[in-house]
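Look over the sequence and the structure first.

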Amino acid sequence: MLGLSGAFTIDAERPREDLLSAFKTTPPRIRLVDEAITSWDSLLLVVLGRWREQAKQAQIELDLSEMPEGALRLMRLAETVPQQEGAGRDEGKPSFSWLTRQGERSLHTLEGFASALAFLGNVSFALGRFAVGKARYRKSEFWVTVQACGPNALLVVGAISFLVGAILAFVGAVQLSMFGAEIFVANLVGIGMVMEMGSLMTGIILAGRTGASFAAQLGTMQVNEEIDALETLGIPPMEYLVLPRVLALAWMTPLLVLYANVFGIVGGGVVGVLFLNLSPTQYVSQTFELMTLWFCIQGLIKGSTYGILVALCGCYRGLHCGRSASAVGEAATGAVVSGIVAIVISDALWTLLFMVTG
Amino acid sequence: MKKESPIPAAPLAVRDVELRYGTTLIQKDLCFEIQQGEIFVIMGGSGCGKSTLLKHMIGLYRPHSGSICYGGTNLWELDPRSRNRLLRNVGVLYQHGALWSSLTLADNVMVPLEEYTTLNAKERRELATLKLAMVGLAGFEDYMPAEISGGMRKRAGLARAIAMDPDILFLDEPSSGLDPLTAKQLDDLILELRAALGSTIVVVSHELASIFAIGNNSVFLDAERKTMLATGHPVDLRDHSPIPKIRQFLARGVPRNDNTPPLEITI
């Protein structure tokens, strides 16, 4: 017989871990008796469960019948529904073998590649239907997206482009002033912004701002089964949700790139006038001396590509989001990361192409 | 012999409470008391403010006027630390389980144990396993909420709600959206928890089968008059309430065992 007394609660002192340590020799049967249990909660159940397991392993009969009735009821309750077959996660546990992990990762990457290709195909099909005027989407949704990714981004795009222009001017001035060639800062900033930095900075801002927002919007719709509801109604999500977003960004990004170019050149001009003793007229005329329309077109082509890539990455991540709150966060992060990676890769490809074609 | 709480949580009294969302009146003149060990049902039609009242009772929102008293102490007269200590004795099952999606079921149950107890990791895990077993989810400890069904999520939410052996358990629509068998199992579980732990249980529901199976006191809220129409045992209200609306609500679909004529429903 083992008498229990005192408090068996979460806040109280822990009872002995090992049941058999209370006995000098191993008895064939142990009867637990409620001598003076002052209070108990679920901890008593945990302790009794643990002791019962120990007794079972030592092939000792454990008699709990004199334990508090409520505790016994709860123990019976926990045993009423046996563990469901296959409920354990043993088969699904991640493998620690390096080879298996690499294999699983490769399969996962392949699946991702295939689903991205399928997504691109579906978007192309939706664009085709749009081109022949058969696409089904809400015009109001399109204009709301245009407003969100165009005019609402003016402030941040303007501020960052202005500062990038100013930084380019400062960095250039340090080198050029050694040769007394500060005037060429205007060319550096002008060509640098128009050909490269204006579009690149706009793309990166859109990836962080609009791409993440697309992924979060569509991801939340996925969680709330709104996309399932669209499909059930026979409305293709590609046309209804993806198309307006891709079109809006494809249209707005070149405009934002032009706007960024102007602000970048102004930023460089402010540095030139205030710190390099150039006159505004000198700066402007020097900027446009070497500038050609082709430089501008290169920047706009890059910018449009970035806009489309950002929209595609955001929508893809959103539509392939899991069905939980954390999955929405992962989709938004994935949209930003893949958007920026896509921008940098396409920048490299365009730059190479423009160099080769002269 | 269940543990004693530092602050007595029952009886829970709702006195002259008025609920508003901004300027919109939800309910007014709410006045009732819930005794220790009762299963108290808050019932009424859709949109009458049942869940809103529950959220006020658990201290998520402050009533526009009136008081909510736990064991004679007005919840909103306590300083925030004491209020938190009191609410630690309260367990809540939200309508859709409200499990934290980035945590496994066991981790969900272990969060309050980590925050408020000195149990070590092994003990917390044992306790979480026990609670999940109580709600019929033995073996599902390492599943993520997204990997289980809605009914299982609800039961896992209940396991989290009872993790700290609360004195008062609030259940928001526990059996809605469940099949009749699972709903019945959940009702049995609620009754068993009350019998074993002596907890007070407050249930928001409009599921008649559940209301009659578990409730031993209730309040009926009305969306049109924006106030409570009656309190009492659900069966008494169904059979003897002088208010036709309550009788109609409670008699719907339930076979009557008395000889009263069918109710006339005016549309």
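In chain B, the centres of domain 1 and domain 2, taken over C-alpha atoms, are separated by 25 Å. This is a predicted model: local features need pLDDT of at least 70, side-chain atom pairs count only at pLDDT 80 or more, and totals for chains, interfaces and linings use all residues. Residues are numbered from 1 along each chain as its sequence is written, chains are lettered from A and ligands numbered from 1 in the order written, and side-chain values use heavy atoms, without hydrogens and water.

Q: What makes up domain 1 and domain 2 of chain B?
A: Domain 1 is 1-89 + 168-176 + 198-252, and domain 2 is 94-165. The bounds come from an automatic or database domain assignment. The contact (heavy atoms within 4.5 Å) takes 12 residues from domain 1 of chain B and nine residues from domain 2 of chain B.

Q: Why is Val270(A) called partly exposed?
A: Buried means under 20% relative accessible area, exposed over 50%, and partly exposed in between (1.4 Å probe, protein chains only). Val270(A) has 33% relative accessibility, so Val270(A) counts as partly exposed. Val270(A) is found in helix 8 of chain A.

Key:
Helix = DSSP H or I, 4+ residues; strand = E, 2+ residues; numbered from the N terminus.
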